[in-house]
Each structure stands twice: as structure tokens, then as C-alpha cells.
Amino acid sequence: MEHKLMNDPETAALLDVDFLKVGHHGSHSSSDTTFLNVVTPTIAAISCGAETVGTNVSHKHPRMVTVNNLIPYLGQRNGMETSLEAYNRSLGKWEVVSSKAALYITNNDGDLIFLSDGSEIWRRGDR
């Protein structure tokens, strides 16, 4: 879908965003660097369950490759560094990466609500 959006002249011009809700729970097929070069988000959110919850036991979202793709594009979150948990498919295990990147994942951060005043975007409670 990301490639379809980039290749459609009507949508391609609309893809440069500040906030990205990452597709498919942060699977390995979402948010590749080609897409991120076009989208250039400063904040990203991934909706997924904890590793032991429901279908995530078998699907293992988010994937570390997606987290690693996102981090260089993002600004920094307020406060201290946080630990982000993602599944490393090549190693076959869950891993933790510490980062100040403005990447929010429901399996780490809980419910996510973002607000904007038209100029800035922030997570509720961070401002």
C-alpha cells in the first residue's frame, strides 16, 4: 500500500507529514526507508499488543527492522530515554532498544492520544 500511495500522483503530493500512524502494527512490511524518505515524519505511533497478548503471540509486532527504520527520521520525545520492545525476526527473539526518538508504541507506552494546535503535535500529558 505504501508503494501504491507513493506512485499515485494524487496521493504522492500529500505524503509529507509530521505525524505517522505506522501501518500493519509495525510489521516488517511497513515503513521501509523508501516510504520514510517521502513521508519524513517527526513523530510516529505503532498500535500493537504486548508480546504475550492475543494474536501478537504468533505475529510478533512491531518488528525491530521497522523500529530501526523509523528512529533516524524522528524528532526526540520529551523527557528521558525510553525502552522500546520489538521482535527481531533474524535473531528470533524480542529485543529492547533505548531511544529518545519520538516513537510511541502501545505495547510500551499504553494508550496513545496526540493533540495539535495546528503548529505543534504532542502526546497528551507530555506538555
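Trainee: Before we start, when do two strands pair?
Mentor: Two strands pair if DSSP finds at least two bridges between them. Keep in mind that this is a predicted model.

Trainee: Okay. Which residue stands opposite Thr82?
Mentor: Ser99, in strand 4.

Trainee: How many bridges join strand 3 to strand 4?
Mentor: Seven. The two strands run antiparallel. Strand 3 covers residues 82-88, and strand 4 covers residues 93-99.

Trainee: What do the two strands form?
Mentor: A hairpin, with four residues between the strands. Look at Gly92 in the turn: its phi is positive, about 70°.

Trainee: Is strand 3 mostly covered or mostly open?
Mentor: Mostly covered. Five of its seven residues are buried.

Trainee: Take Asn88 in that strand. Why does Asn88 count as buried?
Mentor: Because its relative accessibility is 13%, and buried means under 20%.

Trainee: What does the Asn88 side chain make polar contacts with?
Mentor: One partner is the side chain of Glu95, at 2.9 Å. Also, a polar atom of the Asn88 side chain lies 3.1 Å from the backbone nitrogen of Leu91.

Trainee: And which residues does Asn88 touch, skipping those up to four places away in sequence?
Mentor: Met64, Lys93 and Glu95.

Trainee: New topic, rings. How many aromatic pairs are there?
Mentor: Three. One is Tyr87 with Trp94, edge-to-face. Their centres are 5.6 Å apart, with 70° between the planes.

Trainee: Why is Tyr87 called buried?
Mentor: Because Tyr87 has 12% relative accessibility, and the cut-off is under 20%.

Trainee: What sits over the Tyr87 ring?
Mentor: The charged end of Lys60, 5.5 Å from the ring centre.

Trainee: Which residues do ring pairs link into a cluster?
Mentor: Phe19, Tyr104 and Phe114. Tyr104 also has Arg77 over its face, 4.1 Å from the ring centre.

Trainee: Now the inside. How many residues are in the largest nonpolar core?
Mentor: 19. Leu20, Ile46, Val67, Leu70, Leu103 and Ile105 touch the most other members.

Trainee: Which elements supply at least two residues each?
Mentor: Helix 3, strand 2, helix 5, strand 3 and strand 5. There is another core apart from this one, of five residues, including Ile43 and Tyr104.

Trainee: Why would nonpolar residues gather like that?
Mentor: In soluble globular proteins, nonpolar side chains tend to be buried together.

Trainee: Last one. What is Leu103 in contact with, beyond four places in sequence?
Mentor: Among others, Ala44, Ile46, Val67 and Leu84. Arg77 and Asp109 are also on its list.

Definitions and conventions:
Residues are numbered from 1 along each chain as its sequence is written. This is a predicted model: local features need pLDDT of at least 70, side-chain atom pairs count only at pLDDT 80 or more; totals for chains, interfaces and linings use all residues. Side-chain values use heavy atoms; hydrogens and water are left out. Buried means under 20% relative accessible area, exposed over 50%, partly exposed in between (1.4 Å probe, protein chains only). Rings of Phe, Tyr and Trp (its six-membered ring) pair if their centres lie within 6.5 Å; planes under 30 degrees apart count as stacked, over 60 as edge-to-face and the rest as tilted. A charge sits over a ring if NZ of Lys or CZ of Arg is within 6 Å of the ring centre and within 35 degrees of the ring normal. A polar contact is a pair of N or O atoms within 3.5 Å; within protein, one must be able to donate a hydrogen and the other to accept it, and residues adjacent in sequence count only if both atoms are side-chain atoms. Contact means heavy atoms within 4.5 Å. A nonpolar core is a set of buried Ala, Val, Leu, Ile, Met, Phe, Trp, Tyr and Cys residues joined through side-chain atoms within 4.5 Å.
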